[in-house]
Amino acid sequence: MNTTNLSVEIDGDGVALVVWDMPDRSMNVFTAEVMDEIDGIVDALVADGKVTGAVFTSGKTGSFTGGADLKMLSGMFAAFEAKKRDNPDEAIKALFEGVGRMSWLWRKIETCGKPFVAAINGTCMGGGFELALACHARVVSDTAAMGLPEIKVGIFPGAGGTQRVARMTGTQEALQLLLQGTTLSPDKALKMKLVDAVVPAGELVDKAKALLKAGLSPVKPWDEKGFKLPSGPVYSPAGAQVWPAVASLYRKETADNYPAARAVVKCVYEGLLLPMDAALRVEQRYFTQVIQTTEARMMIRSLFVSMQALNKGARRPANVPPTKLRCVGIVGAGFMGAGIGYVAAKSGLDVVLLDRDQAAADKGRQHSQTLAEGLVAKGRMTQEEARALLGRITATPDYAALSACDLVVEAVFEDREVKNAVTKQVAAVLKEGAIYASNTSTIPITSLAETVPDKARFIGIHFFSPVDRMMLTEVILGKETGDEALAVALDFVRAIKKTPIVVNDTRGFFANRCFLRYISEAYDMLVEGVPAAMIENAAKFAGMPVGPLALNDETAVDLSHKIMKATMRDLGKDAVDPRHFALVERLVNEGRLGRKAGKGFYDYPEKPAKKHLWVGLKDLFPQKKPEEVDFAELKSRFLVTMALEAARTVAEGVVTDPREADVGSILGFGYAPHTGGTLSYIDGMGLRRFVALCDRLADKHGEHFRPIPLLREMAERDETFYGRFGAREEARAA
Ligand code: NAD
């Protein structure tokens, strides 16, 4: 019964132990071959009269499976697209059958007549957890982690997940799990009744076999007569409590931007009215629809395929052998430096945290202590780990301590003179071969590199705040930055588990350039008299996680003021819209500096009261009536202005790989994830439509919307960003 990827061993009691252990992979993943093998094994076990039941587990230490290979799904979709032109009926039928393959295989296990127990020995995600849910019981190791994360990449659990979770746990909890894609701890899964027992890893298989020997039923509760849903039927007083709230929560959380989320709600609602087989068909139909949406395709590409490639070092120069960083120096232990020190120490690196005096350096180290204590209090870090983390950070004002560092990241004040002075001091002590990096947000890397003896060893590593939570890091190449500096920077980013994008030197690099467009468009709207609440809501309905005015308060209004002044100083007065400058200056003069001042575009009263938009905003500009404002157009303006800026960075050669613009925009400034990112938004809409939309907006709202020549050319040739710029980059990375 053994196959390439699975082995079967039957014990004296007739219990089969099926161990999934793919020989050529570090983690098990569902492929067409694996599913065929499972299918064959189930048939054989059912046919074998000696077999009384089976335990399904993984042979990989610490992991059951990461889920399905999404490339398989993309392949299925590509085949569908190819076939659709000649025979649309056949194509859709094949797609429907293809996406249902896993679901019906799991259903076959569920109804095969012999009991199966899933023994989950570690990470168990997506299709793997759905397989476990189809088994007749689940035993998990106390270190396991389970979840159905599909929603995060624009699809949903389509192998029975929506139906089984909603039949095993309360409707509200089930929907929360399916719509958020959260990872469950063993205890949480037990509480939700999604698993039956939690045991130490070493006892997993014995416990699973014990359940079988105790006479586990091979019939699921929902296949028995009289099955009752945990939250009661949909049409019942209990259901009447839940469902209206679900509808409004769904709108609030998703702004109806995610076809997959909409499908989850429909699957659960419709599925719970039906017997299991019919419910699975409903799920299969919605899955077939969702997989065809632009949102699913773009999200899978950016948030799964591209993100994985970037994390694995798609842009790392192949000619530099892997480096093993041990010690990192951070100069400037302020807001950013302290955060960078924390993430570095947390991932096991030794950190020298340097500031002007011991007190300032200690304050930076204290930040790590506060964060580590927070994790200990939440049970997400042990006391010992916290102590070890802090033990790795040396806080000092002494430059000599940097002599052992492989990389030094400078994060002092945003002032060229201060930075240059610091870099010179670093250069005096740094060991040969070490790399210098600057966390500057605005100063060109090429010019900062002037201060070091070897410009090839200087690079920008731009973090986002708060450093411990933001997953993006922008790596900036100065004109003379060498391959080794890039390799070390990328190895560092990988070590601290962030996602890097590599961009060429320019004012604002990539993320801040696009992000400033977001804020600038909101200023335009305020000046036009659009009510502030409509501005904030339009942005959120467009898919942005935080409204532009709230975000401006977080990053500080006086920082915007400073950036505007610096821009005018460097590029001339016309580089900033005078109405924007007047608006920001007025807020700054009134002490409305943002959240840190307790007032900005919003007022921040004492808790528990909630922040609310400053009423005085209404008096700054003559207000339009809500019915005079085109709300849909506001949404487009936000997404288009940022996408246009991303296109400009490509035209200028700042961004050279569309994957980086997409991933960078979602992780860096929360660009509406359902679009797949700034360039996928344009590609998804089609260049012609995008150019026409830009022209329309430019005629109405200003020349900053006018499409750049590159876009017109691409529209004429019917090109996409991935078609024109992607292939070349992928070829280079290969
Ligand atoms: P900060 O004022 O909080 O910290 C700067 C630190 O540098 C202070 O602790 C200061 O004592 C120290 N310092 C100043 N001169 C020094 C010297 N000569 N020697 C040693 N230490 C010195 O500033 P920040 O917000 O952490 O910003 C630091 C850098 O990071 C800036 O270049 C900024 O543009 C960049 N940055 C900031 C953000 C952000 O959101 N704040 C985001 C990305 C990048």
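**Around the loop and its neighbours**

Tutor: Aspartate 718 lies in the loop between H29 and H30. Helices (H or I, at least four residues) and strands (E, at least two) are DSSP runs, numbered from the N terminus. This is a predicted model, where local features need pLDDT of at least 70, side-chain atom pairs count only at pLDDT 80 or more, and totals for chains, interfaces and linings use all residues. Residues are numbered from 1 along each chain as its sequence is written, and side-chain values use heavy atoms, with hydrogens and water left out.

Student: What is the phi of aspartate 718?
Tutor: Aspartate 718 has a positive phi of about 60 degrees, although it is not a glycine.

Student: Is aspartate 718 buried or exposed?
Tutor: Exposed, with a relative accessible area of 58%. Buried means under 20% relative accessible area, exposed over 50%, partly exposed in between (1.4 Å probe, protein chains only).

Student: Which salt bridge involves arginine 724?
Tutor: Arginine 724 pairs with glutamate 713, at 2.8 Å from N to O. Arginine 724 is in helix H30 (residues 721–733) and glutamate 713 in helix H29 (residues 709–716), so the pair ties together parts 11 residues apart in sequence. A salt bridge is a side-chain nitrogen of Lys or Arg within 4 Å of a carboxyl oxygen of Asp or Glu.

Student: How exposed are those two?
Tutor: Arginine 724 is partly exposed at 27% relative accessibility. Glutamate 713 is partly exposed too, at 28%.

Student: How many salt bridges are there by this rule?
Tutor: The count comes to 51. One of them joins glutamate 410 and lysine 419, with the closest N and O atoms 2.6 Å apart.

Student: Are glutamate 410 and lysine 419 buried or exposed?
Tutor: Glutamate 410 is buried, at 5% relative accessibility. Lysine 419 is buried as well, at 1%.

Student: New topic. How confident is the prediction?
Tutor: The chain averages a pLDDT of 95, and 99% of the residues score at least 70. Over residues 729–734 the pLDDT is below 50, and this stretch has 7 contacts in the model beyond near neighbours in sequence. pLDDT is the predictor's confidence in each residue, from 0 to 100. Contact means heavy atoms within 4.5 Å.

Student: What domains does the assignment give?
Tutor: Domain 1 (6–292), domain 2 (327–510) and domain 3 (511–626). The bounds come from an automatic or database domain assignment. The centres of domain 1 and domain 3, taken over C-alpha atoms, are separated by 46 Å.

Student: What about helix H4?
Tutor: Helix H4 (residues 127–134) is mostly covered, with 8 of its 8 residues buried. Among them are Phe129, Glu130 and Leu131.

Student: Last one. What is the phi of lysine 497?
Tutor: Positive, at about 60 degrees, although lysine 497 is not a glycine. Lysine 497 is found in the loop between helix H18 (483–495) and strand S18 (499–504). Lysine 497 counts as exposed, at 60% relative accessibility.
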